[in-house]
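Please look over the sequence and the structure shown here before reading on.

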Amino acid sequence: MHPETMKHKASLWAGAYGDSRHITDVYWEGDITQQELADVADQISPDWQTIDLELDATHPNHGQTYRLHKNWPSHDDEAFALRVLEAEDQLEGRHVWVHCCRHVDDPDGELQDTTGRRYRQFFNTFMFCVEFTSFDEIADQCDEHFGTGEWDEYELYLDDELPQPVATYD
């Protein structure tokens, strides 16, 4: 049989193969790239997550399992991204205090982690006030103040929510 007349089959699944709902089967003749197959699957159902490929019986690789997985964020990742966008919308234009922090572990310390290694944790911090535009902009400003890749996390406080200091130095 000529390669252009071979009939192949792809099963679209809404989840992992065999572990979720079967959407439909797609048939085609000849060669197709993974991207072309994914584009066809997107046109049929945007809900697909896995495509199980079955080559024509006359194809030399018939019988081998081929699976194509959609590279998209999970529902949890999508929900998190939506919450981030909503938070950015709520904070945009407000002045916030940024508490940027770096953790420094000391192997000679008095604490022990879950594997039994000893450590002492120091916190190098820097605090500044800025008008909020985006979380990425805050990270860029932490890079400017601390150095790129030199900080571990930051916390934001609204002007009116900044906690009272526990000590003051004059």
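This is a predicted model: local features need pLDDT of at least 70, side-chain atom pairs count only at pLDDT 80 or more; totals for chains, interfaces and linings use all residues.

Ile23 lies in strand S2, which covers residues 21–29.

Leaving aside residues up to four places away in sequence, Ile23 touches Leu12, Trp13, Ala14, Ser45, Asp47 and Trp48. The C-alpha atom of Ile23 is separated by 9.0 Å from that of Ile44, although these two residues are 21 residues apart along the chain.

## Strand S3 and its partners

Strand S3 (residues 50–54) runs antiparallel to strand S1 (residues 7–14), and 5 bridges join them; within this pairing, Leu12 has Ile51 as its bridge partner in S3. Strand S3 also pairs in the antiparallel sense with strand S4 (residues 66–69), over 4 bridges, and here Asp52 stands opposite Arg67 in S4.

Of the 5 residues of S3, 4 are buried, so this strand is largely enclosed by the rest of the structure.

## Helix H3

Helix H3 comprises 12 residues (residues 135–146), which should span 16 Å at 1.5 Å a residue, and this agrees with its end C-alpha atoms, which are 16 Å apart.

The buried residues in H3 are Ile138, Ala139, Gln141 and Cys142. Seen down the helix axis, the buried residues of H3 fall within an arc of 160 degrees, so they line one face of the helix. The face turned away from this buried side carries the exposed residues Asp136 and Glu144. After H3 comes Gly147, whose phi is positive, near 110 degrees.

Key:
Residues are numbered from 1 along each chain as its sequence is written. Side-chain values use heavy atoms; hydrogens and water are left out. Helices (H or I, at least four residues) and strands (E, at least two) are DSSP runs, numbered from the N terminus. Contact means heavy atoms within 4.5 Å. Buried means under 20% relative accessible area, exposed over 50%, partly exposed in between (1.4 Å probe, protein chains only). Two strands pair if DSSP finds at least two bridges between them. The expected span of a helix is 1.5 Å times one less than its number of residues. The arc is that of the directions from the helix axis to the C-beta atoms.
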